[in-house]
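Please prepare a short briefing on the model below. Cover its salt bridges, the interface and the sheet.

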Amino acid sequence: MGMTMTQKILAAHAGLDSVRAGQFIEAKLDLVLGNDITTPVAVNEFKKLNYDCVFNKSKIAIVPDHFTPNKDIKAAEQCKYIREFAKEKEIENFFEVGEMGIEHALIPEKGLVVPGDTVIGADSHTCTYGALGAFSTGIGSTDMAAGMATGKAWFKVPSAIKFNLTGKPQGYVSGKDVILHIIGMIGVDGALYKSMEFVGEGLKHLSIDDRFTIANMAIEAGAKNGIFLVDDITLEYVKEHSTKEYTVYEPDADAEYDEVYDIDLSTLRPTVSFPHLPDNTRTIDEVGDIDIDQVVIGSCTNGRISDLRVAAEILKGKKVKKGVRTIVFPGTQKIYLDALREGLIEIFIEAGVSVSTPTCGPCLGGHMGILAKGERAVATTNRNFVGRMGHVESEVYLASPAVAAASALTGKITNPENL
Amino acid sequence: MKKTGKVFKYGDNVDTDVIIPARYLNTSDPNELAKYCMIDIDEDFIKNVKKDDIIVANKNFGCGSSREHAPLAIKAAGVSCVIAKTFARIFYRNSINIGLPILECPEAVDKIDAGDEIEVNFVEGKITNLTKNETYQAEPFPEFMQKLISKDGLVNYIKK
């Protein structure tokens, strides 16, 4: 029986000719990732393991990004703890304030993941790198510790759902709308324990940034990973960012899928996820009249340069509605600098937008944009759980950068086509 | 190995944000985390939970973040087991890795009510409802996971 893309990558990393869904395997890792919330726990566990050094100093990445620049003394102590660990273990990819970014924007930008890699990260959105044709999945701190020590992790080989994409997205429809549509269709546990494989001729109309956004939110459908077929768009990105050797894996023609969905991208509409689960979606035409207090544009989901360009195009020469607190946070220092050089930051500031240094802060209600009781935000982030961005009685509506920027201008959730 | 405790029951998609909200994640001390366990879904939980009590929830328990702080908080709060129809993948893995027993058993979830006294046999996957005098059979852990749990988690399993 044939294998899916994910199964092929896992088989290769387990040293096996083939694997089947449900099989437990041990796979070699190409990268182990952690942030400032999950790495301190991993360091505690690593210390219990009695390993003198990490398995490979260049295959571990630690990115303090959640409460960084540090929001309080405890957060500063946590970062100090992992900074000292990174120094002691000579971890090459420890990214400090000033060079760091939001991990899932930063890691691909630094060329640390290439097609065919197996990556674990102590952050659920590690599935982002599936956009590059890698197997990458979120794990917890203990797995991170074991990965840093042994360079291996245990996996249950997943079955898969195939998404056959056709057609070309129209108007303001972006990667965010594609993934919100899919999550709305299959539910927050619709891909539980499974791979989501994205294939089809429609891929050629999805930029690498669109693919990062889609793969990033595979976890919001419960998936183990999301993965895209590697094409010229992928290889162009890899060539620009990395010198690492890579392997392209394609699914076998007789690979078995639990389900196959055909999605015509040309039929999709801008999509908004209502509180309090990402699968509670409506198209922009069905949203109705929703007043908002805050707009957040950025995060590991939608803080890339193309996201900022779309937002700036909509905000250019206009002012956000008085009272609508609008925050843009670029994904990395490089994205920030590119946005500055392109004049986007000027557009934002002139529009009355607050521009933040890269941080996960507002996305998880950490800092830099917490909601009070009863407040509503439109955010390009990835979760709208109860209390996600602050008070348990606040609400988060997930949308694309275009919808978020349009909403900032009007103070209501707004279709950018109608501006 | 068996544990007996009183049931705290919740619905679908109990996410890691409500199990331990991000605002409390500036520490990794399990006892500190336990103080805020379940606070955004049930603020009385930590006042009422006793050692060996059991959480029963519907589907997709633990969805969301990879934060291991979620199962750590539950374990440190004294909870001996979580039973759900399904678990989110990372939560499942983290629980096994830290030695928090979790069982998938839709029948048990449908029949157990909040406040019931239940006994769980982790090796056999047998759940006995002492209040209602019923038993339910969960899929026992695969051997691989039983080894991890018997060693109280992954760290002891791979320790040098």
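B:Asp17 and B:Arg67 are both buried, where buried means under 20% relative accessible area, exposed over 50%, and partly exposed in between (1.4 Å probe, protein chains only). The two residues form a salt bridge, with their closest N and O atoms 3.5 Å apart; the term stands for a side-chain nitrogen of Lys or Arg within 4 Å of a carboxyl oxygen of Asp or Glu. This pair links distant parts of the chain, 50 residues apart: B:Asp17 is in helix H1 of chain B, and B:Arg67 is in the loop between strand S2 (54-57) and H4 of chain B. Helices (H or I, at least four residues) and strands (E, at least two) are DSSP runs, numbered from the N terminus.

The model is predicted: local features need pLDDT of at least 70 and side-chain atom pairs count only at pLDDT 80 or more, while totals for chains, interfaces and linings use all residues. Residues are numbered from 1 along each chain as its sequence is written, chains are lettered from A and ligands numbered from 1 in the order in which they are written, and side-chain values use heavy atoms, with hydrogens and water left out.

**Other salt bridges**

- Side chains of opposite charge can pair when their charged atoms come close.
- Over all chains, the search of the whole structure finds 33 salt bridges.
- B:Asp40 and B:Arg23 meet through their side chains in a salt bridge of 2.8 Å, N to O.
- B:Asp40 lies in the loop between helix H2 (30-34) and helix H3 (45-48) of chain B, and B:Arg23 in the loop between H1 and H2 of chain B, so the pair ties together parts 17 residues apart in sequence.
- B:Asp40 counts as buried because its relative accessibility is 15%, whereas B:Arg23, at 33%, counts as partly exposed.
- Salt bridges that share partners join A:Lys194, A:Asp258 and A:Glu259 into one network.
- A:Lys334 and A:Asp338 also form a salt bridge, at 2.8 Å from N to O.
- Both A:Lys334 and A:Asp338 lie in helix H11 (residues 333-341) of chain A, 4 residues apart, which is about one turn of the helix.
- A:Lys334 is partly exposed at 44% relative accessibility, and A:Asp338 is partly exposed at 21%.

**Interface of chain B and chain A**

- In chain B, 42 residues are in contact (heavy atoms within 4.5 Å) with 48 residues of chain A.
- The area buried between the two chains is about 3800 Å², of which carbon and sulfur atoms give 59%; buried area is the accessible area (1.4 Å probe) that two parts lose on being put together, summed over both.
- B:Asp17 forms a salt bridge with A:Arg388, with the closest N and O atoms 3.0 Å apart.
- Among the helices of chain B that each supply at least two residues of the side touching chain A are H1 (16-19), H4 (69-76) and H5 (89-98).
- H5(B) gives the most to that side, with 7 residues.

**Sheet in chain A**

- An open sheet of 5 strands in chain A has the order S4-S3-S2-S5-S6, with parallel pairing; two strands pair if DSSP finds at least two bridges between them.
- Strand S4 (93-94) and strand S6 (135-138) of chain A are the edge strands, each pairing on one side only.
- Strand S5 (residues 118-121) of chain A pairs with S6(A) in the parallel sense over 4 bridges.
- A:Gly121 stands opposite A:Gly138 in S6(A).
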